[in-house]
Amino acid sequence: MSENDLISSLASESRSFAPSAEFSRQANAQPEIYAHAAANPEAFWAEQAHALTWHKPFTKTLDWSDAPFAKWFDDGELNVAYNCLDRHVENGLGERVALFFEGEPGDTQVFTYATLTEAVKRAANVLADLGVTAGDRVAIYLPMIPEAIISMLAVARIGAIHSVVFGGFSADSLATRIQDAEAKLVITADGGYRKGKASALKPAVDEALSGNACPSVQHVLVVQRTGQSVEWFETTDIWWHEAMNKASSEHTAQAFAAENPLFILYTSGTTGKPKGILHTSGGYLTQAAFTHRNIFDLKPETDIYWCTADVGWITGHSYVAYGPLANGATQVIYEGTPDAPHPGRWWEIIQKYGVTILYTAPTAIRSFMKLGRQIPDAFDLSTLRVLGSVGEPINPEAWMWYRDVIGGGSAPIVDTWWQTETGAIMISPLPGITHTKPGSAQVPMSGIAADVVDDHGHSVANGHGGYLVISEPWPSMLRGIWRDPERFNETYWSRFHGQYFAGDGAKKDADGDIWLLGRVDDVMNVSGHRLSTTEIESALVSHHWVAEAAVVGARDELTGQAVVAFVILRQDEIADAGSDADISKILRDHVAKEIGPIAKPRQIMVVAELPKTRSGKIMRRLLRDVAEDRPIGDVTTLADSSVMNIISGKIAAGAND
Ligand code: WT7
């Protein structure tokens with residue numbers, strides 16, 4: 001199927017599912033919300049901000065005078081951690097469960113709002129004792145354990161800035177992020193449990209810091225999770241549990257300005273260097289909490305919410321750490337992989353805790369679909385009442401399977417589009433209102449101005465495709481790229497004047513509903529995780545065998561897209577290399593070591609030439625045709641049109657692994 005056929009088949013989906021009358025009646029969001037927000041979006045967001053507790057109320061809502069650098073609720077002051085913790089305890093909800101933690105080996109921990117608040121107060125004192133103060137950066141490199149959330153909230157509580165680095169990233173990736181943010185402290189663990197084994201984390205921190213590569217780091221706080229042996233550096237390393245035991249459990253939250261930075265989260269862009277996306281406090285928390293309450297229809301007294309994302313990604317920030325806790329929700333967090341120790345583990349967790357709201361990624365749904373419905377069918381999933389999807393377009397088959405097999409044919413599905421940069425959900429159905437269509441994120445949230453525009457930035461008519469833009473500022477928008485205002489302007493604001501360019505292609509169907517069509521830049525989406533083609537190309541050419549590399553994202557049934565790399569080898573260097581298969585394995589492992597296992601190419605194709613334009617630009621479109629096994633498109637702009645025959649001939653001969 002060509003890309004165009006796929007696009008039209010996607011957005012011609014005609015099925016639509018109305019919410020039940022019963023669901024609609026009890027829903028938090030009622031249809032008036034759209035008109036109410038549209039009448040005065042700023043006033044609407046100010047109203048939502050009042051759901052938070054402000055130490056000092058704001059008098060101004062939006063300051064856009066220094067666009068594209070927004071200020072929301074600028075003269076207000078609040079404490080983010082206080083909003084997620086103390087205020088619930090003060091409201092008499094101390095005994096409510098905040099976190100049900102399920103470790104991969106089956107160990108459990110329960111934190112109520114009272115005990116979570118106490119732990120965060122202690123941790124805040126630990127950080128303060130280590131000299132961390134407002135504005136300092138703290139890198140968090142942890143498995144999905146309660147300490148990850150406690151650390152984030154403790155950093156927020158003292159007005160410092162966290163940079164969570166996903167535990168699957170390599171030592172090099174960690175070092176780059178620590179250096180860019182000049183983190184003063186790293187919080188890590190000995191290891192975590194994954195796929196039935198203790199998997200070490202601390203050695204990556206040791207490697208990242210070795211040779212004084214990260215001179216900003218003064219201390220490393222180490223959580224003992226697995227008990228595996230670790231190398232210990234007396235001058236820097238401190239056990240988390242020892243520090244926590246010594247710390248006082250008294251800590252009064254100070255107020256910080258609404259625009260006080262809350263976190264930096266690195267994400268891949270079109271260059272080799274990840275971007276440090278900067279988020280601040282008041283606007284971010286307002287939109288994270290508002291969307292969480294309305295899109296998932298959260299009833300904090302009765303719902304058990306589970307978002308399967310790791311805190312290393314934005315979803316884990318907004319919809320595990322901040323949104324749910326600001327709303328006083330009870331949630332489940334799970335450390336491990338979906339198939340450990342058996343393929344029904346997720347469904348067992350849903351049955352065990354009586355999960356009512358599930359938020360996960362299409363990749364996971366597709367992998368369960370492949371295993372067959374007999375696995376979830378063996379568990380009681382009847383408590384589920386809202387299902388969410390995030391990270392990549394969800395294909396209609398997976399959507400239907402999710403609805404029928406997991407949602408019992410009745411739970412509404414919310415397909416939520418947003419990005420690390422947007423901070424919170426921007427486009428999504430509302431579960432008691434929208435007639436949902438399998439595969440479409442459909443409607444901008446109330447108060448959000450999203451549109452699809454053509455090459456000239458003009459809104460396209462229904463039935464047409466183009467680029468997704470956001471035309472008005474929103475409270476949880478990024479406030480910039482850490483120490484790189486030029487790149488911020490250039491990446492998001494220069495393509496369409498005055499509008500935020502998201503990097504996604506999209507189409508409006510006949511009803512005006514929005515369908516996301518994937519990235520239009522050199523960014524890939526593998527299992528809902530963003531990867532940069534350039535970053536993987538740099539990793540490949542850093543190996544002495546590789547002269548040139550070109551990476552493309554090829555369609556993949558399970559992961560959405562998969563990394564496919566074309567490499568030209570240096571003949572003088574590969575005398576010592578083995579067969580093509582060994583070369584491929586060694587290069588794939590090299591990428592995993594340089595960036596992390598998530599970036600490992602599915603395939604490496606060794607080629608003699610790469611298709612280039614006369615000006616020397618690699619034509620990735622043609623390589624994508626090869627990688628997706630399609631007839632090769634127009635080659636007229638190639639400097640040497642015979643190159644594609646050589647490449648596809650080589651592949652047909654089975655030279656790839
Ligand atoms: C990119 C953002 C948002 C948290 C997870 C990913 C793609 C995200 C959807 C969706 C179609 C989606 C976009 C976007 N994306 N959600 N529901 N439908 N595409 O965050 O790493 O910042 O990636 O993910 O391409 O630009 P991220």
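Arg-366 is buried, with a relative accessible area of 9%; here buried means under 20% relative accessible area, exposed over 50% and partly exposed in between, for a 1.4 Å probe and protein chains only. The structure is a predicted model in which local features need pLDDT of at least 70 and side-chain atom pairs count only at pLDDT 80 or more, while totals for chains, interfaces and linings use all residues. Residues are numbered from 1 along each chain as its sequence is written, and side-chain values use heavy atoms, with hydrogens and water left out.

Arg-366 forms a salt bridge with Glu-392, with 2.9 Å between the closest N and O atoms. A salt bridge is a side-chain nitrogen of Lys or Arg within 4 Å of a carboxyl oxygen of Asp or Glu. Arg-366 lies in helix 15 (residues 362-371) and Glu-392 in the loop between strand 19 (386-390) and helix 17 (396-406), so the pair ties together parts that are 26 residues apart in sequence. Helices (H or I, at least four residues) and strands (E, at least two) are DSSP runs, numbered from the N terminus. Glu-392 is also buried, at 8%.

In total, the structure holds 39 salt bridges. One of them joins Lys-593 and Glu-207, whose closest N and O atoms are 3.7 Å apart. This pair links distant parts of the chain, since Lys-593 is in helix 20 (residues 580-594) and Glu-207 in helix 10 (residues 202-209), 386 residues apart. Both residues are partly exposed, Lys-593 at 48% relative accessibility and Glu-207 at 41%.

Rings of Phe, Tyr and Trp (its six-membered ring) pair if their centres lie within 6.5 Å; planes under 30 degrees apart count as stacked, over 60 as edge-to-face and the rest as tilted. The count by this rule is 35 aromatic pairs. Among them, Phe-69 and Phe-488 form a tilted pair, with 5.0 Å from centre to centre and 55 degrees between the planes. Phe-69 lies in the loop between strand 1 (62-63) and strand 2 (71-72) and Phe-488 in helix 18 (residues 485-493), so this pair ties together parts that are 419 residues apart in sequence. Phe-69 is partly exposed at 25% relative accessibility, whereas Phe-488 is buried at 0%. Trp-232 and Trp-239 form a stacked pair, 4.5 Å centre to centre and with 15 degrees between the planes. Trp-232 is partly exposed at 26%, and Trp-239 is buried at 15%.
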